Amino acid sequence: MSEAAPEGSRRVVIALGSAQTLAWASSYYLPAILAAPMAADLGIPTSWVFGGFSAALVLSALLGPAAGRAIDLRGGRDVLTLSNLVFATGLVLMALAQGPGLMALAWLVLGVGMAMGLYDAAFATLAGLYGRAARTPITGITLIAGFASTVGWPLSAIMEEAIGWRGACLGWAGLHLVLGLPLNRLLVPPAPPPEKQQAAAAGEVAPAPRFAMPILAFVFAATWTVAGAMAAHLPTMLQAAGATPALAVLAAALIGPAQVAARVLEFALVRRIQPITTARLATLGHPLGAAVLLLAGGIAAPVFAVLHGMGNGVMTIVKGTLPLAVFGPAGYGARQGLLTAPSRFLQALAPFAFGLLLERAGVGVALAVTSGLTFSAFLALLALRVQVRR
């Protein structure tokens, strides 16, 4: 039952974790800092910038299975390296935009890069390299890339203040070329040929439980919908629950440390606990936190933030490790793209839908809906009764 890190994986984990930090900081976390100055300069509403970002998420969902299949066939090194070029191209186009047309095109190019260069691609790369033993490396890269917002938001703000939002986009593009591309190309080894991967996994193949694909797709969609909603509205939601503005900001700041702390705990327990067990526990974080918040009021905002953050932090790992444990490494990339496509679609819609629910129905109903989603994911995982191999 023990699981050790594969030999030689530490260098790969550090390289992929660093490259993932750059990829997330320069795409997913970009509009939080640059949307307002970008909109003001282009003379468009800020919502248009976020609309372009949502379109990028949708496109990444559509292209995810194809990117996964390419990694299954040829390994992840070339796909990840190409993603750095695509990210850089999209960021340069963003910097050159003089109106909404080129800005929209830039976001679509970034959406292609997100399909090729974020966690799903990195997880598939590790599955191709290490098979079922990829669980520990997957946890390792999420530990490093968990600081993407911590690094990305201040760096975007510093660059925007010093050289403007266009200069910030060009700065991120340059980092993809001088840092991300060499990390992915030079430090990530090529994957074994598909026939060798299949031979290595031949003795490990076990039938997947019935309905495993729709169950996992639902679990990921439910939990990432809630994560997207909280990421966009957490301070506002906490204030609606009775927290003071200062306490709401303080509580929101605890999300990142809580996520990292939970990932460290998962990393420490990786040899003792199965992925499906950690998944079930992770889905309970948000509803438990919501119950405490609704019962105790705004004073419990930090408790909610910690419980939600810990659950969300572990679910990021589970999204990579649980499909690997249930289905094995064969065809991992394409399957991962299919499993996570619904969650990417819904994550693009979640901020708008949750904001409307919060405004029209109030914080109690809004939290009841998000808690119902995550608790239903817990029940779905209980139905996934399988002895997974690690």
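Start by selecting Leu82, Leu85, Leu177, Val178 and Leu179 in this predicted model, because together these residues form a nonpolar patch on the surface, with about 440 Å² of accessible area. Two elements give two or more residues each to the nonpolar patch, namely helix H4 (76–96) and helix H8 (148–187), and the largest share, 3 residues, comes from H8. Stay on helix H8 and pick out Val178, which is found there; Val178 counts as exposed, since its relative accessible area is 62%, and the cut-off for that word is over 50%.

Next, move to helix H4 and select Leu91, which has its place in that helix. Is Leu91 buried or exposed? With a relative accessible area of 0%, Leu91 is buried. If you leave aside the neighbours within four places in sequence, you will find Leu91 in contact with Ser26, Leu30, Leu110, Cys169, Trp172, Ala173 and His176.

Finally, show helix H3 (residues 46–74) together with helix H16 (residues 332–361), which pack with their axes 7 Å apart and at an angle of about 175 degrees. Angles over 145 degrees count as roughly antiparallel, and H3 and H16 are therefore roughly antiparallel to each other. To see where the two helices meet, select residues of the contact, including Ser54, Leu57, Val58, Gly64, Pro65 and Arg69 on H3, and, on H16, Tyr332, Gly337, Leu338, Arg344 and Phe345 among them.

Key. Residues numbered from 1 in each chain as written. Predicted model: local features only at pLDDT ≥ 70, side-chain atom pairs only at ≥ 80, totals over all residues. Heavy atoms only, no water. Patch = residues over 30% accessible without salt bridge, like charges linked within 9 Å, V, L, I, M, F, W, Y side chains within 5 Å. Areas by Shrake-Rupley, 256 points an atom, 1.4 Å probe, with all protein chains shown as cover. Salt bridge = Lys/Arg side-chain N within 4 Å of Asp/Glu carboxyl O. Helix = DSSP H or I, 4+ residues; strand = E, 2+ residues; numbered from the N terminus. Buried < 20%, exposed > 50% of the residue type's maximum accessible area, 1.4 Å probe, protein only. Axes fitted to C-alpha atoms, helices over the stretch in contact; angles between N-to-C directions. Parallel < 35°, antiparallel > 145°, perpendicular 65-115°, else oblique. Contact = heavy atoms within 4.5 Å.
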